[in-house]
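Hi,

Here is the structure I promised to pass on. Have a look at it first, and then read my notes below.

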Amino acid sequence: MKTFYSPAHRQHAPKEEFEAGRLSPAVEVPERAERVRAEIERRNLGPVLPPERFGEEPILRVHAPAFMSFLGTAYAEWRKRYSNDTADALPSAWPARGMRFNDSDIESRLGSFASDTATPIGAGTHEAARAAVNVILTAAQAMQRGEPAVFALTRPPGHHASADVFGGYCYFNNVAVAAQWLADRGLRPAILDVDYHHGNGTQAIFYMRSDVLFVSIHADPSFAFPHFLGFADERGEGAGEGFNLNLPLRRFTDWAAYSVALEAALAPIQHFSPDVLLVSLGLDTFEADPISHFRLKREDYLRMGEALAALRRPALFAFEGGYNLEALGDITANVLEGFEAA
Ligand SMILES: [Zn+2]
């Protein structure tokens with residue numbers, strides 16, 4: 001299986017995030033993708049290839065122009081405002097209920113476009129996020145040209161970003177941009193999100209549409225991030241009704257329960273009959289993930305890959321979350337190897 005990867009992701013290297021009432025060390029760090037790349041090379045899973053450049057146009061098919069230009073200039077604006085400091089840009093105020101829309105300075109713009117305080121914008125964030133989009137579009141192009149399966153080693157991740165909101169360590173929604181790119185070329189994409197956290201950004205982007213199926217297995221938002229989306233009764237709206245499926249699971253879900261949800265997720269995908277299955281591959285379902293609470297074991301990821309292969313569809317895997325640095329390479333490669341071995 002080909003892997004697409006760009007070293008540009010390393011330019012996004014947040015040091016801290018604000019969470020649980022304190023500034024704590026960032027968990028979405030460059031070493032994540034480097035560990036995965038090293039394991040793919042160690043196991044000889046296939047070539048690791050650089051991305052091509054696709055420009056802004058495919059991103060603007062999904063993201064709002066104002067949002068796109070905001071991400072391009074946010075850090076420079078922030079530096080200008082706080083020139084005596086070195087902190088990354090983080091919002092500290094939001095246009096909450098009863099207030100007015102305003103985007104006249106960097107603080108109001110951060111509050112207008114951000115959903116949380118865990119997603120800092122640093123000097124290299126925009127460049128890294130753009131490179132991640134190029135990585136997944138190069139992978140999508142390979143699918144269009146007939147590859148049966150590819151892995152886009154995208155970092156920063158994307159599934160929490162919506163058309164005009166960034167958050168949850170995500171800036172551009174890599175998978176959504178790729179799905180749209182494929183749909184624009186006459187292919188029928190389905191997205192399966194197996195990250196521990198609900199893919200709220202992806203859901204929001206395709207919620208009113210029937211041409212892209214979105215299915216997500218995740219921790220119930222009644223106790224887990226992103227807290228405000230991902231409930232079972234969200235089924236799509238208008239033309240999109242019936243094309244959004246959420247399978248929220250309880251805390252401490254193990255493979256016995258997870259595999260039942262996975263089968264339940266695969267049935268509507270099979271029925272939808274996609275030309276390409278895009279898998280938002282989050283690995284934070286692992287039992288020793290530092291920020292999550294499921295109990296999947298290393299070998300379960302082989303089973304996950306095999307279950308996905310049983311669909312007999314071309315598959316584009318895209319890297320999302322997963323924060324146990326020691327296991328991350330192993331469990332990611334297990335999914336890809338399980339898929340190819342099946
Ligand atoms: Zn996650």
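A term to start with: donors are N, O and S atoms within 2.8 Å of the metal (3.2 Å for Na, K and Ca), and water is not among the atoms, so sites may look incomplete. Before the details, note that this is a predicted model, where local features need pLDDT of at least 70, side-chain atom pairs count only at pLDDT 80 or more, and totals for chains, interfaces and linings use all residues. Residues are numbered from 1 along each chain as its sequence is written, and side-chain values use heavy atoms, with hydrogens and water left out.

Now the zinc ion. Its protein donors are Asp-195 (OD), His-197 (ND1) and Asp-284 (OD), at 1.9 to 2.1 Å. Along the chain their spacing reads D-x1-H-x86-D. Asp-195 and His-197 are both buried (under 20% relative accessible area; exposed is over 50%, partly exposed in between, with a 1.4 Å probe and protein chains only).

Next, the sheet. Helices (H or I, at least four residues) and strands (E, at least two) are DSSP runs, numbered from the N terminus. Eight strands form an open sheet with parallel pairing, in the order S4-S1-S5-S10-S9-S6-S7-S8; two strands pair if DSSP finds at least two bridges between them. S4 (48-49) and S8 (244-249) are at the edges with a single partner strand each, so one side of each has no neighbour in the sheet. S7 (residues 213-219) and S8 are joined by six bridges in the parallel sense, and Ile-217 has Leu-247 in S8 as its bridge partner.

H8 packs on this sheet, touching S6, S7, S8 and S9, and its direction makes about 175° with that of S7. (Contact means heavy atoms within 4.5 Å; axes are lines fitted to C-alpha atoms, for helices over the stretch in contact, and angles run from 0 to 180 degrees between N-to-C directions.)

H6 lies across S6, S9 and S10, at about 175° to S9. Nine of the 11 residues of H6 (residues 174-184) are buried, so the helix is largely enclosed by the rest of the structure. Among them are Trp-181 and Leu-182. Just after H6, Gly-186 has a positive phi of about 85°.

Finally, the inside. A nonpolar core is a set of buried Ala, Val, Leu, Ile, Met, Phe, Trp, Tyr and Cys residues joined through side-chain atoms within 4.5 Å. The largest one has 52 residues, and Tyr-258 is one of those with the most contacts inside it. H8 (residues 255-272) gives the largest share, eight residues. A second, separate core of 47 residues includes Met-68 and Val-175.

Cheers
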